[in-house]
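Please look at the sequence and the structure that follow, and then work through the questions and answers below them.

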Amino acid sequence: MRFRTPLAWKNLTHDVRRLLVAVSGVSFAVILIFMELGFLNALLESTVQVLRRLKGEIVLVSRAQYALIAAERFDIRRLYDAREVPGVASVAPLYVESTAALLRTGNQRGYPIRVIAVREGDDVLDIPQLAEFRNELNGDSTALVDITSRRKFGFPRGAELLENYRGELNGRQTRLVGQFRLGVDFASDGNLLMTAPNFAKFFTFRAGGGDPLKLVDLGVVRLEPDAKVKEVLKNLRRSLPPDIEALPKERLIQREMTFWRKNAPLGYIFMVGATMGFVVGIVICYQIVYADIADHMREFATLKAMGYGGTYFLGLVLEQCLYLSVLGFVPGWIISWISYRVLAEVTGLTMSLSPLLALAVLLITALMCTISGTLAVSKLLAADPAELF
Amino acid sequence: MKATATEFASSVDMRATKTYALQGDQPKRVVRIRGLNHFFGDGDIKKQVLFENHFDAYEGQIVIMTGPSGSGKTTLLTLLGTLRTVQEGSIQVLSRELRGASGAELIAARRDIGFIFQAHNLFNSLTAMQNVCMAMELFNFTKSEMQDRAAELLTRLGLGSRLHYKPERLSGGQKQRVAIARGLAHGPKIVLADEPTAALDEHSGREVVSLLRELATKKKMTIVLVTHDNRILDVADRIVNMVDGRIKSDVLVQEANLIVEFLKRVDAFDQLSVGTLAAIADKMWTQQHNAGATVIRQGELSKQFFVIRQGEVDIIREDDGQSKVVNTLGEGDCFGEEALLTGNPRNATVRTKKPTLLYVLGENDFRDAVHSSESLRQELNKALFERQ
């Protein structure tokens with residue numbers, strides 16, 4: 001193979017100070033995109049935290065339930081029917097109230113909070129504090145509080161201060177007996193967790209005067225160890241009336257996220273934000289790459305005069321852009337990762353930096369640099385060498 | 001005796017571009033420029049910078065282009081080097097027409113050309129050696145071949161101890177020499193250089209000049225230099241002077257020296273200084289004739305003065321229908337001055353005996369030259385008086 005001087009690398013690394021400026025510029029763009037996508041992801045992810053914690057392979061919902069906040073409920077007897085279906089080991093209800101739950105701390109005005117309830121003895125939510133505080137939760141009007149709940153509720157910060165808490169849920173004195181961590185989302189600013197009997201006391205109006213626990217929000221289905229999800233789903237769909245929908249848990253999670261991405265203005269805004277980050281990234285990269293090419297224009301023109309062709313220059317610039325995007329990506333990634341941790345701590349949002357997201361942003365960065373490189377090199381390709389000196 | 005068609009065709013007047021040797025003796029032509037015009041700007045600010053230029057360059061020739069700044073030398077050089085698009089006229093480099101050439105054709109042409117720019121244009125990120133190698137990477141050299149060649153050239157130019165220095169650690173002159181090595185490294189057939197010695201001291205300037213001379217002689221490179229540097233004029237085979245976008249004079253240095261020698265031998269001119277003779281020589285053009293061609297005919301009006309560069313002619317006087325060869329002239333001899341001075345018609349016919357190359361001076365230029373020296377005129381009158 002013919003030998004080639006690694007000009008792209010040499011040019012890029014020759015001036016260390018300049019390289020640092022360029023790399024930090026690209027890193028900035030990377031952080032921008034990571035943040036926007038991160039927020040978007042976190043917000044979407046936060047909406048399905050409850051669903052993710054469900055301990056079951058299949059979930060039963062009302063056919064009318066397009067999203068969790070729709071609060072479309074169904075009769076608990078459907079759960080008894082479902083239990084008879086072959087392959088089903090157990091079915092447990094999950095009760096949720098959000099718009100109708102008003103929490104007042106001290107003398108402040110009240111704020112809506114999401115209240116989730118499980119029957120005692122049902123192992124339906126992956127929240128270890130449920131078992132830990134089992135005895136306390138059996139007490140009258142007791143609840144666990146989500147420590148990621150917004151500060152406006154005025155919940156005590158430390159577990160030892162919970163005793164002193166005085167608050168009313170729907171006008172009824174509430175005792176906080178422990179803490180757990182779930183996360184807030186678009187629709188809810190905080191979470192309380194309690195047992196079904198207490199839930200019934202707070203939401204007596206739930207079933208329009210009937211047994212408040214008669215209407216359930218979700219039915220969580222656990223399968224026999226050897227049962228296949230597909231077959232049980234088929235059986236469930238056959239034996240349940242058409243107003244009940246049986247979905248695999250993962251499918252429900254996707255449906256919920258899609259709903260929020262498409263319908264919540266916030267989801268749209270963060271998508272626009274991510275796009276803006278991309279555009280700003282292109283501008284930054286273009287500035288860097290263009291300035292670099294402009295500074296070397298005479299040398300490149302000399303190469304052109306020697307008989308170097310367009311492909312060479314395009315390759316050269318793209319190679320340089322590739323190095324730049326990788327070099328800029330790594331610190332951007334690290335800084336984003338740290339920021340995610342900090343933000344998750346502060347906001348209670350689930351900021352997770354998955355490898356898939358990282359890969360996506362790396363590709364976006366490479367794309368940004370490629371586009372700007374191609375734009376920046378066009379003058380060099382088009383002009384007569386004499387005009388470039 | 002009428003001039004036949006063949007005779008006519010066999011006599012070629014080279015007013016547009018000089019030819020300095022008879023066909024067959026001529027070296028290979030590598031550059032051919034005809035009717036070259038060039039404009040800068042567009043619309044109202046369109047300005048013509050080159051006017052109807054004709055220029056040829058031959059294998060192994062070193063051409064120096066001089067002229068005041070803004071005279072179009074560099075523009076001509078960049079057009080020749082495919083660095084600008086040819087607008088009007090024709091440029092052929094190694095038989096490749098540049099006007100309207102495609103991108104691929106331009107790239108092919110560029111690879112036969114080596115450039116040395118006034119600004120060194122070296123990559124700061126590369127060492128001297130790597131910069132030179134960049135010129136060779138387009139060709140099929142191995143890595144070690146490239147490095148050996150680069151090292152050899154750089155050493156030759158006095159940079160042997162600085163092969164691996166980056167430009168920031170080299171002086172202006174050293175950088176210039178790296179750029180020169182880069183322009184020559186791939187063994188181009190044509191080297192174009194814009195003020196290559198401007199940044200060099202006397203010694204390295206000489207070294208560059210001797211290298212160029214060697215490459216022109218041994219490798220048959222054609223070298224075109226734009227320069228104001230008087231110190232290197234002696235390397236030139238040819239000096240082209242441009243003024244206001246036109247080639248004003250094009251002097252083959254050795255040839256000019258020879259012609260001056262010839263002119264000096266003419267009795268009539270022996271009072272003139274070398275400078276005046278050189279100016280006269282510069283105004284002459286060449287004519288080629290096959291054997292047996294009639295150059296001037298007895299009884300014609302006199303228009304020109306001739307110097308024989310190559311070949312032989314017979315002087316034939318015709319009296320009462322009888323032709324008689326009164327003399328035979330050879331290389332270095334002149335004829336035609338007498339009739340121009342007296343204003344009489346030609347008193348003899350001149351016919352070539354062999355293929356002949358003549359230098360021709362027009363009537364007006366001849367008169368100007370004569371008037372420029374009073375002593376010359378007196379001298380001539382005396383000579384003519386004595387001859388009668």
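**Helices, sheet and chain contact**

Q: Across which strands does helix H8 (residues 229–239) of chain A lie, and at about what angle does H8(A) run to S13(A)?
A: This is a predicted model, in which local features need pLDDT of at least 70, side-chain atom pairs count only at pLDDT 80 or more, and totals for chains, interfaces and linings use all residues. Residues are numbered from 1 along each chain as its sequence is written, while chains are lettered from A and ligands numbered from 1 in the order in which they are written. Helices (H or I, at least four residues) and strands (E, at least two) are DSSP runs numbered from the N terminus, axes are lines fitted to C-alpha atoms, for helices over the stretch in contact, with angles from 0 to 180 degrees between N-to-C directions, and residues are in contact if their C-beta atoms, placed from the backbone, lie within 7 Å. H8(A) lies across strand S1 (58–62), strand S3 (88–97), strand S12 (218–223) and S13 of chain A, and its angle to S13(A) is about 175 degrees.

Q: At about what angle does helix H9 (residues 249–263) of chain A run to S13(A)?
A: Helix H9 of chain A lies across S1 and S13 of chain A. Its direction relative to S13(A) is about 100 degrees.

Q: Which strands of chain A stand at the edges of the open sheet?
A: Eleven strands of chain A form this open sheet with mixed pairing, in the order S5-S4-S8-S9-S7-S10-S6-S3-S12-S1-S13, where two strands pair if DSSP finds at least two bridges between them. Each edge strand has a single partner strand, so one side of each is left without a neighbour in the sheet. These strands of chain A are S5 (111–112) and S13 (244–248).

Q: How many nonpolar, polar and charged residues has the contact of H2(A) with H12(A)?
A: The axes of helix H2 (residues 16–46) and helix H12 (residues 310–347) of chain A come within 7 Å and cross at roughly 45 degrees; H2(A) and H12(A) are therefore oblique to each other, since angles under 35 degrees count as roughly parallel, over 145 as roughly antiparallel, 65 to 115 as roughly perpendicular and the rest as oblique. Residues in H2(A), including Val26(A) and Phe34(A), meet residues in H12(A), including Leu324(A) and Trp333(A). Ala, Val, Leu, Ile, Met, Phe, Trp, Tyr, Cys and Pro count as nonpolar, Asp, Glu, Lys and Arg as charged, and the others, Gly among them, as polar. By class, the contact of H2(A) with H12(A) has 14 nonpolar, seven polar and no charged residues.

Q: How far apart are the axes of helix H5 (residues 143–156) and helix H6 (residues 172–184) of chain B?
A: Ala150(B), Leu153(B) and Leu154(B) in H5(B) meet Val178(B), Ala181(B) and Leu184(B) in H6(B). By class, this contact of H5(B) with H6(B) has six nonpolar, no polar and no charged residues. The two helices of chain B pack at an angle of about 135 degrees, and the distance between their axes is 9 Å.

Q: Which element gives the most to the side of chain A that touches chain B?
A: The contact takes 20 residues from chain A and 24 residues from chain B. On the side of chain A, the elements that give two or more residues are helix H1 (7–14), helix H11 (297–306) and helix H14 (385–388). With six residues, the element that gives the most is H11(A).

Note on methods
Two residues are in contact if their C-beta atoms, placed from the backbone, lie within 7 Å.
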